[in-house]
Amino acid sequence: MKQLSLPSGSPLLAKHFTYGVATASFQIEGGAADRLPCIWDTFCSKEGKIADNSNGDVACEHYTRWQDDIDLIESLGVDAYRLSISWPRVMTKAGHLNPKGVKFYTDILDELKRRNIKAFVTLYHWDLPQHIEDEGGWLNRNTAYEFAHYADLITQAFGERVHSYATLNEPFCSSYLGYEIGVHAPGIVGREHGRKAAHHLLLGHGLAMQVLAKNSPNSLNGIVLNFTPCYSVSQCEEDLNATAFADDYINQWYMQPVMQGQYPDIINQLPKAQRPDILPGDMEIIAQPLDYLGVNFYTRMHYQASETDFYHELPHKAPMTDIGWEIYPKALTELLVSLNEKYTLPPIYITENGAAMADEFKDGEVKDNDRIEYYQEHLNALHNATAQGVKVDGYFAWSLMDNFEWAEGYLKRFGIVHVDYNTQKRTVKASGKAYTKLITSR
């Protein structure tokens with residue numbers, strides 16, 4: 001079996017470096033009858049939105065199997081577990097806590113604490129309650145305040161159980177995929193919507209950070225942003241300019257407000273109708289100090305100049321994962337080094353990194369050597385970033401187990417644990433075993 005290895009003396013081999021696994025509520029929980037409907041329930045019910053016409057009603061049945069799943073997490077030898085809270089499970093329509101939903105999570109958090117596994121909790125991983133979407137969702141400024149209200153109540157209920165909070169997971173995906181190109185819930189299309197949703201998400205982040213500072217001052221509090229580094233197809237000025245615009249539009253649009261309290265200058269190149277409504281004080285709220293920054297990384301993209309738009313995105317290059325994303329680990333090193341040069345960064349956690357591979361379950365095993373190779377290359381790319389001065393405190397494999405992969409349904413498997421969706425049987429893949437060996441050999 002292939003193994004994972006790092007250079008001796010690497011900070012990634014230090015005992016205090018945090019290794020974890022990650023999941024998201026809608027992707028694994030099921031238990032839909034015990035929560036309010038969310039935007040993904042609605043999206044899944046629409047013809048042709050999900051590749052295999054599936055939904056999250058059952059998923060991995062984590063809602064009823066969570067105790068066994070915590071046994072599984074502990075068996076992997078990880079230091080931490082990154083999970084998300086289902087807003088529609090813990091809140092009522094009237095804006096009060098739902099005691100049954102809250103207990104589901106406090107039981108999990110208590111069990112994690114008992115086993116000395118640090119809980120990294122994400123407050124919003126895309127499952128907006130449908131009744132809030134009906135009022136405009138993230139296009140409605142009030143949703144930022146609704147989010148802060150939910151954050152206030154749930155963090156009070158959790159008390160001292162949580163090691164780390166993230167306000168949002170990947171606001172780029174929520175705003176751009178959900179409200180601009182419409183391939184994710186709620187499926188709204190239009191550039192004028194995407195930027196507005198992004199601003200309200202970031203405002204919600206800033207408001208929630210203020211709540212966390214008050215309610216949970218002892219936890220590590222931050223945000224999780226995804227980055228897809230942008231590479232120019234050539235060195236000609238037009239292509240380089242288009243690529244720089246793409247980077248500002250896709251990556252820095254979320255990073256710069258959080259770190260520096262301003263949007264990239266390209267905001268002035270957008271037609272007025274496509275710009276968000278920024279009220280006095282908004283940018284100061286968004287730029288709350290962070291205890292850490294979560295970075296999600298999977299791939300890179302290439303760009304060139306376009307005659308009809310600000311940039312043209314090119315197809316992924318080989319080699320690719322099963323979901324069709326290029327494998328280019330060096331982009332992780334270059335991303336982190338560039339962010340470290342551009343911003344005064346807090347400590348970094350890689351909160352998601354992993355690969356969908358065409359796994360074969362054979363004789364009770366999954367020998368996913370291609371996934372091990374992906375992890376090997378990316379962990380060493382992360383080491384290379386630390387060698388160039390980037391402070392990285394942890395790494396989370398995406399994901400703990402195969403699950404509902406959003407618009408791909410159950411067709412794409414990211415897990416280091418295999419799930420048989422007919423029986424819900426979990427089987428640790430070769431990649432999971434290799435990950436355990438690396439973590440426990442420190």
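Predicted model: local features only at pLDDT ≥ 70, side-chain atom pairs only at ≥ 80, totals over all residues.
Good morning. I begin with Thr243, which is buried, at a relative accessible area of 6%. Buried means under 20% relative accessible area, exposed means over 50%, and partly exposed is in between, with a 1.4 Å probe and protein chains only. Residues are numbered from 1 along each chain as its sequence is written, and side-chain values use heavy atoms, with hydrogens and water left out.

Thr243 belongs to helix α10, residues 237-260. Helices here are DSSP runs of H or I with at least four residues, strands are runs of E with at least two, and both are numbered from the N terminus. Which residues does Thr243 touch, not counting those up to four places away in sequence? They are Cys230, Tyr231, Ser232 and Tyr303, where contact means heavy atoms within 4.5 Å.

The largest pocket has a volume of about 910 Å³. Among the 39 residues lining this pocket, Phe172, Cys173, Leu177, Thr228 and Trp325 are the closest to its centre. Two or more lining residues come from each of α8 (171-179), β5 (220-227), α10, β7 (292-297), β8 (301-304) and β9 (312-313). The largest share, four residues, is supplied by α8. By type, the lining of the largest pocket consists of 21 nonpolar, ten polar and eight charged residues. In this scheme Ala, Val, Leu, Ile, Met, Phe, Trp, Tyr, Cys and Pro count as nonpolar, Asp, Glu, Lys and Arg as charged, and the others, Gly among them, as polar.

The terms need a word. On a 1 Å grid over the protein atoms alone, a cavity is a set of points where a 1.4 Å probe fits but cannot get out, whereas a pocket is an open set with protein on both sides within 12 Å along at least five of seven lines; lining residues have an atom within 4 Å of a point. Grid points are joined across faces, edges and corners, and a volume is the space filled by probe spheres set on the points.

How many cavities of 30 Å³ or more does the structure hold? There are four, and the largest cavity has a volume of about 60 Å³. Its lining includes Ile39, Trp40, Tyr124 and Cys173. Helix α8 gives the most to this lining, with three residues. The lining of the largest cavity has nine nonpolar residues, two polar and no charged.

Next, the nonpolar interior. A nonpolar core is a set of buried Ala, Val, Leu, Ile, Met, Phe, Trp, Tyr and Cys residues joined through side-chain atoms within 4.5 Å. The largest such core has 131 residues, of which Tyr19, Trp40 and Tyr435 touch the most other members. Helix α9, residues 191-215, makes the greatest contribution to this core, with ten residues. His205 also lies in helix α9. Why does His205 count as buried? It does so because its relative accessibility is 0%. Among the contacts of His205 are Phe147, Thr167, Val258 and Leu290.

Finally, I come to the salt bridges, of which the structure holds 30. A salt bridge is a side-chain nitrogen of Lys or Arg within 4 Å of a carboxyl oxygen of Asp or Glu. Arg89 pairs in this way with Glu29, their closest N and O atoms being 2.9 Å apart. This pair links distant parts of the chain, 60 residues apart, with Arg89 in helix α4 (residues 87-90) and Glu29 in the loop between α1 (25-28) and α2 (39-44). Both Arg89 and Glu29 are buried.

A second salt bridge joins Asp282 to Arg141, with 2.8 Å between the closest N and O atoms. Asp282 lies in helix α11 (residues 282-286) and Arg141 in the loop between α6 (130-133) and α7 (142-158), so this pair ties together parts that are 141 residues apart in sequence. Asp282 is buried, at 1% relative accessibility, whereas Arg141 is partly exposed, at 21%. There is also a network of salt bridges, which links Asp359, Asp368, Arg371, Asp402, Arg413 and Lys429. Thank you for your attention.
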